[in-house]
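Hi there,

Here is the structure I promised to send over. Have a look at it first, and then read on for my notes.

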Amino acid sequence: MASLRPPDSIPSPAQDSERLSLALQGRGVDEKVIVWILGHRNAIQRKRIKDTYQQLYKESIIHRLQSKLSGVLKKAMSYWMEEPPERDAKLVEKTLKRGKAGITQLQVIVEIACASSPNHLMAVRQAYCSLFDCSLEEAITSKVSSSLQKLLLGLVSSYRYDRELVDLNVAKSEATKLHEAIEKKQLDRDEVMWILSTRNFFQLRATFKHYKQNYQVPIYQAIMSSGSDDLGSLLRVVILCIDAPEKHFAEVIRASLSGHRTDVHSLARAILARVEIDMMKIKEEYFNMNKVSLDDAVVGKTSGGYKDFLMTLIGARI
C-alpha cells in the first residue's frame with residue numbers, strides 16, 4: 001500500500017507551476033511550499049507539472065530546483081522529479097561508476113530487476129541506452145566482477161511473465177534443485193541462475209514457500225547459513241526482493257539510519273522508490289524489526305527540508 005497522499009482536490013498543473021515558480025524566486029527559497037506541493041503528487045501529476053513548467057517558463061523545473069536547493073534535499077528532489085525509468089537508470093550508472101561496487105551498491109540493480117514490474121525494467125533498460133549510449137548489459141559486463149556478472153546479466157536481460165501463473169509441480173521440483181545447490185555450495189549453477197532470472201514472481205514465491213515447508217528454513221536464510229560469499233549475499237537480496245520486498249527495503253532503511261552518520265542517499269533511494277508502491281507495508285515491517293516507528297527514526301536522524309520531504313512522502317505528520 002502506498003504512503004503518498006495526493007489531496008482530494010488537486011490544483012491544475014499550471015497552478016502548481018505558478019506556486020512553485022514563486023517559491024523558487026529570489027535569494028530565499030520557500031522549501032515548505034516546494035515540499036508540500038511535490039511531496040503530495042504522484043508520478044503522473046509530477047510529469048504534468050514538469051511539462052507545464054517548461055511551457056510556462058521555458059526552463060526545466062529540475063534545473064531550477066537544482067540551482068535553488070542545496071545539499072541532500074537538492075539531490076532527493078531532483079531524483080523525485082525525474083521519470084522513474086530515467087531515475088533508476090541514473091542510479092544504476094552511479095552505482096557502476098564506483099569502480100568495484102560492493103553488495104550494498106549492486107543491490108540497486110537487483111531492486112530494479114526483482115522488486116519492480118517487468119515493464120519497468122524494460123523502460124529502465126531503454127532509458128539507460130538513451131542516456132549513456134550503452135546497453136545495461138554491456139555496462140554490467142565491463143564494471144562488475146565475473147563472479148557476479150552471470151546473475152546480474154540474467155536478471156536485467158530477462159522479461160518475466162507478468163501474470164499470476166503457478167505450477168506447483170514445478171515449484172516442488174525447483175525447490176529441490178535450489179536446495180541441492182545450496183547444500184553443495186554450488187550457487188553459481190546455471191540452473192540456479194535460470195530459475196531465479198526467468199520464472200515469474202508468483203511461481204518463484206511458490207517455490208520459496210515449498211522450500212520453507214520442506215526444509216524448515218526460509219531459502220534466504222539457508223543461503224546465508226551455508227557460509228556464502230558475495231554471490232550468496234547478492235542471491236539473498238534477489239530472493240527478498242522477489243518474495244518480501246517490504247522486508248528488503250526495511251533492512252535498507254535500517255542500515256541507512258544506523259551508526260553515527262546517516263546514509264542519506266540510501267535512505268532517500270529506498271523511500272523514493274517505494275512510496276507509490278508499498279511504503280505502508282515497509283513501515284510495518286520496520287516497526288516489527290526495530291520496535292520503533294519509521295516516522296520517529298527519520299525524525300531522529302534527519303533535519304531541515306530533507307526531513308520534511310521524507311516525512312511527507314512516508315505519510316507522517318509534519
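**Salt bridges and a helix pair**

E180, K184, R189 and E191 are joined in a network of salt bridges. Please keep in mind that this is a predicted model. In total, the count comes to 16 salt bridges.

One of its residues, R46, pairs with E276 in a salt bridge, at 3.2 Å from N to O. The two are 230 residues apart: E276 sits in the loop between helix 17 (264-274) and helix 18 (279-290), while R46 belongs to helix 3. R46 is buried, at 2% relative accessible area, whereas E276 is partly exposed at 33%.

K50 forms a salt bridge with E83, and their closest N and O atoms are 3.9 Å apart. This pair connects helix 3 with the loop between helix 5 (71-81) and helix 6 (84-96), 33 residues apart. K50 is buried, with a relative accessible area of 14%; E83, at 30%, counts as partly exposed.

K50 also takes part in the contact between helix 3 and helix 4, where I49, K50 and Y53 meet I61, I62 and R64.

Finally, E137 and R125 meet in a salt bridge of 2.7 Å, N to O. E137 lies in helix 9 (residues 136-143) and R125 in helix 8 (residues 118-132), so the pair ties together parts 12 residues apart in sequence. Both E137 and R125 are buried.

Best wishes

Notes:
Residues are numbered from 1 along each chain as its sequence is written. This is a predicted model: local features need pLDDT of at least 70, side-chain atom pairs count only at pLDDT 80 or more; totals for chains, interfaces and linings use all residues. Side-chain values use heavy atoms; hydrogens and water are left out. Contact means heavy atoms within 4.5 Å. Helices (H or I, at least four residues) and strands (E, at least two) are DSSP runs, numbered from the N terminus. A salt bridge is a side-chain nitrogen of Lys or Arg within 4 Å of a carboxyl oxygen of Asp or Glu. Buried means under 20% relative accessible area, exposed over 50%, partly exposed in between (1.4 Å probe, protein chains only).
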